[in-house]
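Subject: Structure for you to look at

Hello,

Please find the structure below. My notes on it follow.

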Amino acid sequence: IVIGIFVLVCALLLSSMSSTQKVKTDSKDLKKEPTPKLPAEPCEKEPNLVVQVPDTSNKIKWPELVGVDGKEAKAKIEKERPDLKLVATIPSGYMVTADYRPDRVRIYLDEDGKVARAPQTG
């Protein structure tokens with residue numbers, strides 16, 4: 001019954017959206033706003049300001065780290081993807097939750113502390 005009501009409400013919303021009055025737009029009627037100008041000189045208050053730009057490559061897997069020391073692997077992943085909320089090393093035999101988080105990387109280690117399988121987000 002709940003699903004039926006939901007479908008009915010969605011259908012009503014869609015039909016009301018399609019019957020709304022269309023707005024006529026003409027390119028010559030649109031006003032073009034000027035682009036704001038950025039300052040040409042560096043910031044005087046903080047001359048040593050460093051802006052950290054997040055990694056745009058969105059790398060999600062690191063197969064090249066298999067066999068590398070766990071601490072080194074963690075440092076490399078954190079350097080390449082500073083936007084990740086959690087990069088965790090998981091010792092051999094430890095249990096983990098089955099939830100999926102794209103902002104997390106688990107690094108599974110063998111008995112020697114080396115990366116056992118390719119770390120990936122999730």
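In what order do the three strands of the open sheet lie? The order is β1-β2-β3, and the pairing is mixed. β1 (86-90) and β3 (120-121) are the edge strands, each with a single partner, so one side of each has no neighbour in the sheet. β1 pairs with strand β2 (residues 104-108) in the parallel sense, over five bridges. As an example from this pairing, Thr-89 has Ile-107 in β2 as its bridge partner.

Please note that this is a predicted model.

As for the chain in general, its secondary structure consists of two helices and three strands. Along the sequence they follow the pattern α-α-β-β-β. The chain has 122 residues, and 16% of them count as buried. Of the contacts between residues at least 6 apart in sequence, 38% join residues at least 24 apart.

Is Arg-104 buried or exposed? Its relative accessible area is 4%, and buried means under 20%, so Arg-104 is buried. Which backbone oxygens does the side chain of Arg-104 reach? One belongs to Asp-99, at 2.7 Å, and another to Gly-122, at 2.5 Å. Leaving aside neighbours within four places in sequence, Arg-104 also has contacts with other residues, including Leu-84, Leu-86, Thr-97, Gln-120 and Thr-121.

Regards

Definitions and conventions: Residues numbered from 1 in each chain as written. Predicted model: local features only at pLDDT ≥ 70, side-chain atom pairs only at ≥ 80, totals over all residues. Heavy atoms only, no water. Pairing = 2+ DSSP bridges. Helix = DSSP H or I, 4+ residues; strand = E, 2+ residues; numbered from the N terminus. Buried < 20%, exposed > 50% of the residue type's maximum accessible area, 1.4 Å probe, protein only. Polar contact = N/O pair within 3.5 Å; in protein donor to acceptor, adjacent residues only side chain to side chain. Contact = heavy atoms within 4.5 Å.
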